[in-house]
Amino acid sequence: MTPEQIPEDRFEVGIIVARRRLKGPWASHAWLPIEALPAAPETAPWTQLSETEEEATFYAGAHEVTLHIGETAHYRDNLVSGRPSLWVTLHATSEDTYTVASVTADPYEGKSMAEGIGEIVEAVPMPPEVQAKLLAFFETFHIERKFEKRKRDRADPEALARRAPSTQGKPE
């Protein structure tokens, strides 16, 4: 396989976030990743894209997605899920200021990121161009591993009797 035929294991995506108005008494708005772009545009991070009374959208910036050979089965699960997604994590840098902390195509990593406290994690639809990159990576590097149940060793009841006597608790 020539270097030109090896699929990318890293690529950038652009992230769109929304600041949505809330109706509750404790907060006026919430931040939420809503879209991934197949490439990073020539736009400055945190450029406002649109605004309505209920929601303002911003281009949050570019972030690199890294693919790992050991996770190809996870990527397959994502692609065949019916809703291929990227998981985007926003990290608060100060009050009401966020940065894109991570973007992953691994659904299990995305789920574990969502269990953290203090970060905003959302699954956003995966663009078709990114799906094609993920599929090419999967097809090139995936190795199906057959599950083999390990046989347990039989217990040896005589093993305890053969152990050296313990000196613990005996006076010297």
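## A walk through the fold

Contacts between residues 24 or more positions apart make up 63% of the contacts in the chain with a separation of 6 or more. Please keep in mind that this is a predicted model. The chain has 172 residues, and buried residues account for 30% of them. Its secondary structure comprises 4 helices and 7 strands. Read from the N terminus, the order of elements is β-β-β-β-α-β-β-α-β-α-α.

**The nonpolar core**

The largest nonpolar core holds 25 residues, and Val-13, Ile-15, Leu-67, Leu-86 and Val-103 have the most contacts inside it. Two or more residues come from each of these elements: β1 (10–21), β2 (29–37), β4 (55–66), β5 (85–94), β6 (97–104), β7 (119–125) and α3 (128–141). In soluble globular proteins, nonpolar side chains tend to be buried together.

Leaving out residues up to four places away in sequence, Val-103 touches Val-13, Ile-15, His-63, Glu-64, Val-65, Leu-86, Trp-87 and Val-88.

**Two helices side by side**

Two packed helices are described by the angle between their axes and the distance between the axes. For helix α1 (residues 72–79) and α3, the angle is about 140° and the axes lie 10 Å apart. The two helices are therefore oblique to each other, and α1 passes α3 in a left-handed crossing. On the α1 side, the contact is made by Thr-72, Tyr-75, Arg-76 and Leu-79, while α3 brings Gln-131, Leu-134, Leu-135, Phe-137, Phe-138 and Phe-141. Sorted by class, this contact of α1 with α3 has 7 nonpolar, 2 polar and 1 charged residues.

Helix α1 also contains Asn-78. Is Asn-78 buried or exposed? With a relative accessible area of 2%, Asn-78 falls under the 20% limit and so counts as buried. Apart from neighbours within four places in sequence, Asn-78 is in contact with Arg-83, Pro-84, Ser-85, Trp-87, Ala-105, Pro-107 and Met-126.

**Charged residues on strands**

Arg-19 is part of strand β1, and its relative accessible area of 26% makes it partly exposed. Beyond its neighbours within four places in sequence, Arg-19 is in contact with His-29, Ala-30, Trp-31, Glu-51, Glu-54, Glu-55, Ala-56 and Phe-58.

Glu-122 sits in strand β7 and is partly exposed, at a relative accessible area of 30%. Not counting residues up to four places away in sequence, Glu-122 touches Leu-32, Pro-33, Leu-86, Trp-87 and Val-88.

| Pair | Separation in sequence | C-alpha to C-alpha distance |
|---|---|---|
| Arg-19 and Glu-54 | 35 residues | 8.5 Å |
| Glu-122 and Ser-85 | 37 residues | 9.4 Å |

One last stop is Trp-46, in the loop between β2 and β3 (47–51). The relative accessibility of Trp-46 is 32%, so Trp-46 counts as partly exposed.

Key:
Residues numbered from 1 in each chain as written. Predicted model: local features only at pLDDT ≥ 70, side-chain atom pairs only at ≥ 80, totals over all residues. Heavy atoms only, no water. Core = buried A, V, L, I, M, F, W, Y, C linked by side-chain atoms within 4.5 Å. Buried < 20%, exposed > 50% of the residue type's maximum accessible area, 1.4 Å probe, protein only. Contact = heavy atoms within 4.5 Å. Axes fitted to C-alpha atoms, helices over the stretch in contact; angles between N-to-C directions. Parallel < 35°, antiparallel > 145°, perpendicular 65-115°, else oblique. Left-handed = near helix turned anticlockwise from the far one by under 90°. Nonpolar A, V, L, I, M, F, W, Y, C, P; charged D, E, K, R; others polar.
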